[in-house]
Each structure stands twice: as structure tokens, then as C-alpha cells.
Amino acid sequence: MAPRPSRAELEAAREKLLPDVLPGPGDPPLRVLFSGINPGLVSAYTGHHFARPGNRFWPALHAGGFTPRVFAPAEQHLLPALGLGITNVAPRATARADELSDDELVAGGERLRAQVRTYRPRWLAVVGIVAYRVAFADRAAVVGPQHRTVDDTAIWVLPNPSGLNAHYTPATLAEAFAQLHAAATDSIS
């Protein structure tokens with residue numbers, strides 16, 4: 001296991017951009033594009049999405065049926081072969097998502113729509129209801145499938161898997177991911 005980054009290293013990570021995980025030549029079409037809110041400092045430092053210890057994204061992804069085992073954040077490059085990708089609503093790295101302004105989330109929502117139009121996933125899964133509500137101007141949205149689409153791409157909002165989100169247990173997160181997995185699998189048939 002790599003040594004923990006120092007406070008100075010994490011602060012310096014605020015200036016880094018985290019590359020998206022998207023399909024390349026030879027990868028299958030994108031079934032689901034997962035969009036986090038924005039990179040945390042540990043993710044920006046490591047270059048891997050959902051990398052902070054205690055983040056429950058990778059266990060929930062597996063428990064929901066998307067991956068054959070729990071991937072480590074450093075294995076994110078394996079996702080495109082499974083028809084999965086990762087991006088963020090807002091590109092700026094922060095210690096907490098509440099450091100982002102509404103303007104950043106709205107601009108990120110536009111960027112996300114453009115990415116969806118380019119990569120054309122079957123599903124866009126926004127991981128974080130509050131960010132989705134702001135980015136998509138839908139204050140009444142709830143976790144689960146949304147009525148709106150981006151062209152032919154359906155939208156699903158998942159709970160934020162951060163360890164700071166006490167409203168969802170590992171089991172309820174797994175169930176939320178499993179519901180999306182079932183819908184994404186049904187849409188292939």
C-alpha cells in the first residue's frame with residue numbers, strides 16, 4: 001500500500017485535473033457513464049476516481065453486479081472493457097463537494113451533457129442527488145431513474161457513496177447500484 005499523502009501534497013492536488021475513464025478503440029459501447037460530483041483531493045493526488053479510503057463506490061459497484069470483484073481505484077482502467085466509464089460533474093478537486101459553487105455545478109452539467117452526446121452511453125448515473133439537482137436544474141429529483149434524458153441516454157441518480165453520507169449503508173448503496181444494474185441490463189435485451 002502506498003504511503004498516505006501529506007497535507008501539502010493533498011493541497012497541491014487542488015491544481016490537478018483527474019482524467020475521465022472512457023472507452024477507447026476496441027472497447028464495447030458505454031452502457032453506463034458514472035459521474036461523481038467532483039474529484040476529492042486524494043483522487044486528484046492519485047489520479048484515480050473514488051480513491052479516498054472509506055469511499056464506498058468500488059464496493060457498491062461490485063455488490064450491485066457491475067464488476068466481477070471489488071476493484072481498487074487503481075484498476076479503474078478495467079471499466080471500459082465492461083462498458084463502464086467515470087467522469088465528474090465538476091472538474092475542480094476539493095476536500096468536500098460543498099466547496100463547489102452552484103455556478104460550477106451548472107457549468108459541469110452542461111459539460112456532462114456534451115460528454116453524453118459524444119459517448120452516447122445507455123445510462124448516465126450521477127452519483128450525488130444534491131449535485132444532480134443543481135447541475136440539471138431539477139430541485140425535485142429523487143434517487144433513482146429520472147424522467148428526463150440527454151438525447152437517447154437515460155439518467156439515474158445514485159446516492160453519494162462517500163463515507164460521509166450516513167444516510168446510506170453499504171447494503172442500501174448496493175441495492176441502489178443493483179437497481180441501476182438491472183435497468184442497464186434490461187436495456188441491452
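## Stop one: helix α6

Select α6 and you'll find that Leu173, Ala174, Ala176, Phe177, Leu180, Ala183 and Ala184 are buried (buried means under 20% relative accessible area, exposed over 50%, partly exposed in between, with a 1.4 Å probe and protein chains only). Before going on, know that this is a predicted model, where local features need pLDDT of at least 70, side-chain atom pairs count only at pLDDT 80 or more, and totals for chains, interfaces and linings use all residues. Residues are numbered from 1 along each chain as its sequence is written, and side-chain values use heavy atoms, leaving out hydrogens and water.

Helices (H or I, at least four residues) and strands (E, at least two) are DSSP runs, numbered from the N terminus.

## Stop two: strand β5

Now pick β5. Because 6 of its 6 residues are buried, β5 is largely enclosed by the rest of the structure. In a regular strand, side chains alternate between the two faces of the sheet. Here Thr153, Ile155 and Val157 are buried on one side, and Ala154, Trp156 and Leu158 on the other.

## Stop three: the partners

Which way do β3 and β5 pair? They pair in the parallel sense, over 5 bridges (strands pair if DSSP finds at least two bridges between them). Look for Val126 opposite Val157 in β5.

Next, select β4 (residues 144-150), which pairs with β5 in the antiparallel sense over 4 bridges. Val150 stands opposite Thr153 in β5. Finish at the β4 and β5 hairpin, with 2 residues between the strands: Asp151 takes a positive phi near 55° there.
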